[in-house]
Amino acid sequence: MPDENKILTVSASPHVKSNDTTQRIMLDVIIALIPAGIAGTVIFGGRALLVIGLCVFFSVLFEYASRKIMKRSNTLSDLSAVVTGLLLAYNIPVLDVAKFDGKMWKATVMTVLLCAVGSFFAIVVTKQFFGGLGQNFANPAIVGRIVLLVSFPSAMTAFTTPRLAVDAVTSATPLGVLSDATLFDRAGNISAQLTELSAEGYLPDLFYMLIGIKGGCIGEVSGLLLILGCVYLLMRGVISPAIPVSFVGTVAVFMFAVSGGNLTFTAYELLGGGLLLGAIFMATDYTTSPITTKGKIIFGIGCGVLCSVIRLYASMAEGVSYAILVMNIACPLIEAATKPRPFGVEKAKKKKEESAA
C-alpha cells in the first residue's frame with residue numbers, strides 16, 4: 001500500500017547539485033599548475049620564483065583594490081586571482097640579463113613592470129570592469145599576456161638560456177627557430193633541415209623538449225608536467241577532455257598535413273611554445289568556453305586551426321594566445337548554435353511546415 005502521508009515536493013531547477021565550490025575548483029587548478037612551476041624554477045633559476053610571486057601579488061592586490069573602489073564584496077577567498085596570477089606568470093619569460101646591458105637591476109625593473117601591467121589588464125580591465133568572475137568576456141591571463149606582447153615585444157622575447165642547457169641549447173625558443181627556418185621552401189628536405197638545426201644547437205632534442213630544457217616562458221617549457229597537471233584535473237573532474245584533445249589534435253593534424261607527414265616537425269610544434277599550457281589551463285576556462293560537449297569540440301578545433309595558421313603564415317612564431325582570445329569572443333555564437341533542444345519542444349522548421357500544410 002502506498003504511503004498516503006508522503007508529499008510530492010516540486011522545486012525549481014537545478015535538480016542535480018554538486019559539492020564543488022569555486023574555491024575548491026581553483027585550488028585544484030593551483031595544485032595542477034605547481035609541477036610546471038617547480039620545473040620552471042629548476043630550469044631557469046630563482047628569478048622564476050620572483051616572476052611567479054610578483055604576478056600573484058599584483059593580481060591579488062588589484063583584485064582587492066578594484067573590488068574595494070567599486071564597492072563590491074571581497075572575492076579573494078575564491079582563489080581566482082591567484083590562478084590568474086599563476087597563469088600570467090607562466091606566460092612571462094625569465095629575462096636574459098645580457099639583453100639589458102648585463103645589468104641585473106634593469107632586468108629586475110622590467111620584470112616588475114611586466115608583472116604589474118599584465119596583472120592590471122588581466123584583473124582590473126578584463127575581469128572587474130565586466131563585473132568580476134563569471135562575467136569576463138575572455139580569459140584574463142590571455143588578455144594580460146597579449147597586452148604585454150604588444151606593449152613590450154622585446155622584453156617578452158628576451159628569453160634566458162636554461163640553467164640545465166646541454167648540447168649548446170640556446171635561449172631561442174624552438175618555435176622561433178622553426179619560424180625563421182626555410183622549412184617549406186625546400187620541398188622534401190624538412191627532416192634534413194631539422195637534423196641540421198638540432199646538430200647546430202638551435203633545436204633541442206625532442207626528449208629535452210618534453211621535459212623542458214629549452215628556451216621559453218616559465219610555465220610552458222615542461223610538456224611532461226603540464227600533461228601531468230591535465231591528468232590530475234581530468235581525474236578531479238575539473239575539466240573535460242573535449243577542448244584539450246580537440247585543440248592539440250587539430251594542431252597535430254594540421255602540422256602533419258602541411259609538413260608532408262613529418263612526425264618530427266609535428267612533435268616540435270606540439271611541444272614547443274604554450275600549446276599545452278593554453279589548451280589545458282586557459283582554453284578550458286569555464287566562463288569563456290562553451291558548456292556543451294559539441295560546443296567544446298568546435299571551440300577546440302577553432303583554436304587549433306587559428307593557432308596553426310598564425311604559427312605558419314603570420315609574422316609571429318606563437319599563436320596560442322590570439323587563437324584562444326578569438327574563440328573566447330566567438331563563444332556566445334558557438335553556444336547559441338549548439339544549444340540543446342529541450343525535451344518535447346519541436347523544431348521551428350517542422351512546426352512551420354506543419355502550419356503551412
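## Helix 2 and helix 4

Helix 2 crosses helix 4 in a right-handed manner (right-handed if the near helix is turned clockwise from the far one by less than a right angle, left-handed if anticlockwise). The two pack at about 35 degrees with axes 8 Å apart; axes are lines fitted to C-alpha atoms, for helices over the stretch in contact, and angles run from 0 to 180 degrees between N-to-C directions. Helices are DSSP runs of H or I with at least four residues, numbered from the N terminus.

The contact residues divide into 13 nonpolar, 5 polar and 3 charged. Ala, Val, Leu, Ile, Met, Phe, Trp, Tyr, Cys and Pro count as nonpolar, Asp, Glu, Lys and Arg as charged, and the others, Gly among them, as polar.

The model is predicted: local features need pLDDT of at least 70, side-chain atom pairs count only at pLDDT 80 or more, and totals for chains, interfaces and linings use all residues. Residues are numbered from 1 along each chain as its sequence is written, and side-chain values use heavy atoms, with hydrogens and water left out.

## Helix 11 and helix 12

Helix 11 (residues 242-258) and helix 12 (residues 263-271) have axes that come within 9 Å and cross at roughly 145 degrees. This crossing is also right-handed. Val248, Val251, Ala252, Met255 and Phe256 of helix 11 meet Leu263, Phe265, Thr266, Glu269 and Leu270 of helix 12. By class, the residues of this contact are 8 nonpolar, 1 polar and 1 charged.

Leu27, Ile31, Ile34, Ile38 and Val42 make up a nonpolar surface patch with about 380 Å² of accessible area together. Patch residues have over 30% relative accessible area and no salt bridge; nonpolar side chains are joined within 5 Å, like charges within 9 Å. Areas come from the Shrake-Rupley method with a 1.4 Å probe, and for residues only the protein chains shown count as cover. Ile38 belongs to helix 1 (residues 22-44).

Asp28 and Arg24 are both in helix 1, 4 residues apart, and their side chains form a salt bridge at 2.8 Å, N to O (a side-chain nitrogen of Lys or Arg within 4 Å of a carboxyl oxygen of Asp or Glu). The structure holds 6 salt bridges.

## Positive phi in loops

Leu79, in the loop between helix 2 and helix 3, has a positive phi of about 70 degrees. Asp101, in the loop between helix 3 and helix 4, has a positive phi of about 60 degrees.

Definitions and conventions:
Contact means heavy atoms within 4.5 Å.
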